[in-house]
Amino acid sequence: MRNPILTRHVLSAIGAAALVIATSAQAADATEAGRIAELEKKLERSLRLIEDLSSKLDKLEQANAAPKETGNSQQAAKVEELEKQVGQLTAGMGTRSEDTGLPVHGFGDVGFARSAEDHINQASGKRIEGAKGFTVGSFDLYLTPQFGDRVKALVELNFEVNREGSVGTDLERLQVGYTFNDALTAWVGRFHTPYGYWNTAFHHGSQIQTSISRPLFLDFEDSGGILPAHTTGAWLTGSMPVAGDKVSYDLYVGNAPRIQDVTAGLAAGRYGDGALDMKMAGNTSYTSSLGFNLGYSPSRIDGLKVGIHGLRARVGADDTNGALLDTTRMQTLGAYGAYSGERLELLAEYYHFWNKDLTGATGTHDSSAWYAQAGYNIGAWTPYGRLEKTDLDQKDNYFLHQASGRSYKKAVLGLRYDVDAKSAVKIELATTRKSNIGIPGTNIDDQFGEVRAQYAIRF
């Protein structure tokens with residue numbers, strides 16, 4: 001007969017091994033083949049050890065079953081030692097993967113830039129030459145803790161280098177959600193505003209987007225974007241099958257942005273130098289933003305998504321002392337299309353603005369912005385190109401107060417090389433013409449070229 005205590009330990013070890021492989025299979029990312037292979041090797045070594053111990057146990061039991069004159073105490077000691085080894089193995093293999101802590105993922109990019117853009121200092125009116133030399137882009141960390149089958153969270157912390165070379169730290173996203181089913185997930189916190197396609201498909205990690213740069217008017221608030229790229233509020237999202245196809249939706253409400261620190265530019269007789277503030281801590285004079293996004297993915301064309309989106313917000317402009325200058329009802333409606341095939345990538349978005357002056361007599365102003373990008377994959381290489389254009393009414397206070405609220409045209413050509421699945425080298429050429437960059441009414445333009453190179457990674 002086998003020793004029942006030892007047998008239970010052996011069975012416990014085998015059960016623990018099964019638990020480890022099951023837990024690992026659930027927790028491991030499908031792309032982390034190396035980690036899975038390492039777990040399999042560890043499991044194989046553990047199982048071989050169990051088999052070896054079981055073989056020794058069989059021999060000892062056979063020896064115990066045969067007639068003995070002496071050595072019973074020695075045999076008992078060996079059995080006790082084997083029990084101890086199996087017990088230690090069981091304890092070690094039974095340690096759950098959660099004990100290792102929460103995995104941290106992230107993105108980073110470094111590169112080279114040479115820009116002929118002469119940046120206008122709005123306070124003095126002087127031109128500052130564009131950047132030249134090696135650059136550090138950003139170091140982005142994100143975590144996706146799971147609290148069960150339904151409760152989840154996303155945290156994103158970004159360290160980025162601004163135009164002057166100093167490092168800024170931003171809590172880009174902090175959202176907590178509850179998944180009811182595939183058709184409904186509710187999020188609360190700070191999230192990427194789900195308008196259009198680019199702002200939700202690509203975030204602060206440059207490696208996941210084909211190009212180095214984002215479309216200029218869709219850039220983040222502190223990098224020249226003219227739309228609130230982030231929202232602090234509540235967001236409902238989901239997708240559902242409809243006649244064999246898929247329909248997705250986003251509905252959200254949050255704090256309306258404010259345009260901050262615009263007096264210096266206007267006082268100097270120039271355009272305002274303000275930027276959108278997303279009001280993460282709320283606002284004493286609360287105003288809200290509302291938006292939606294409706295997408296459609298036909299089953300007969302794999303990789304295609306088209307949709308419409310809209311956003312409405314009551315946006316105030318504040319001077320350097322925090323006093324309200326004026327208020328605009330910013331409202332935009334647009335459409336988008338995105339196709340990602342085996343080789344071809346096509347992206348396009350259009351935004352039309354009907355902004356209304358709520359504190360003055362300038363009325364309603366029409367403006368527009370769009371981009372179109374195409375790329376073609378040839379093995380590890382992807383050449384791409386993009387056209388962008390905005391036509392922004394300079395009588396509209398929403399654009400007048402922003403340092404980046406000028407009309408522009410831009411053309412981009414680039415080449416991406418995927419070193420491996422998690423890193424890419426890119427080079428990009430661009431030419432830009434910005435309109436009305438000086439004193440209002442003088443129609444001063446600025447045309448310049450840029451060359452950029454980037455090595456982007458993710459982990």
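This is a predicted model: local features need pLDDT of at least 70, side-chain atom pairs count only at pLDDT 80 or more; totals for chains, interfaces and linings use all residues.
Local features were considered at pLDDT of at least 70 and side-chain atom pairs at pLDDT 80 or more, whereas totals for chains, interfaces and linings use all residues. Residues are numbered from 1 along each chain as its sequence is written, and side-chain values use heavy atoms, without hydrogens and water.

The protein chain contains six helices and 20 strands (DSSP runs of H or I, at least four residues, and of E, at least two, numbered from the N terminus). Of its 459 residues, 41% are buried (under 20% relative accessible area; exposed is over 50% and partly exposed in between, with a 1.4 Å probe and protein chains only).

D319 is located in the loop between β13 (304–318) and β14 (324–340). Although buried, D319 has no salt bridge (a side-chain nitrogen of Lys or Arg within 4 Å of a carboxyl oxygen of Asp or Glu); R258, the nearest side chain of opposite charge, is 8.9 Å away. The D319 side chain reaches the backbone nitrogen of A323 at 2.8 Å.

The whole structure holds 16 aromatic pairs (rings of Phe, Tyr and Trp, the latter by its six-membered ring, with centres within 6.5 Å; planes under 30 degrees apart are stacked, over 60 edge-to-face and the rest tilted). One of them, F112 with F134, is edge-to-face, at 5.3 Å centre to centre and 75 degrees between the planes. Because F112 lies in strand β1 and F134 in strand β4, this pair ties together parts 22 residues apart in sequence. F112 is partly exposed at 32% relative accessibility, and F134 is exposed at 77%.

Notes
Lys and Arg count as positive and Asp and Glu as negative; His and the chain ends are not counted. A polar contact is a pair of N or O atoms within 3.5 Å; within protein, one must be able to donate a hydrogen and the other to accept it, and residues adjacent in sequence count only if both atoms are side-chain atoms.
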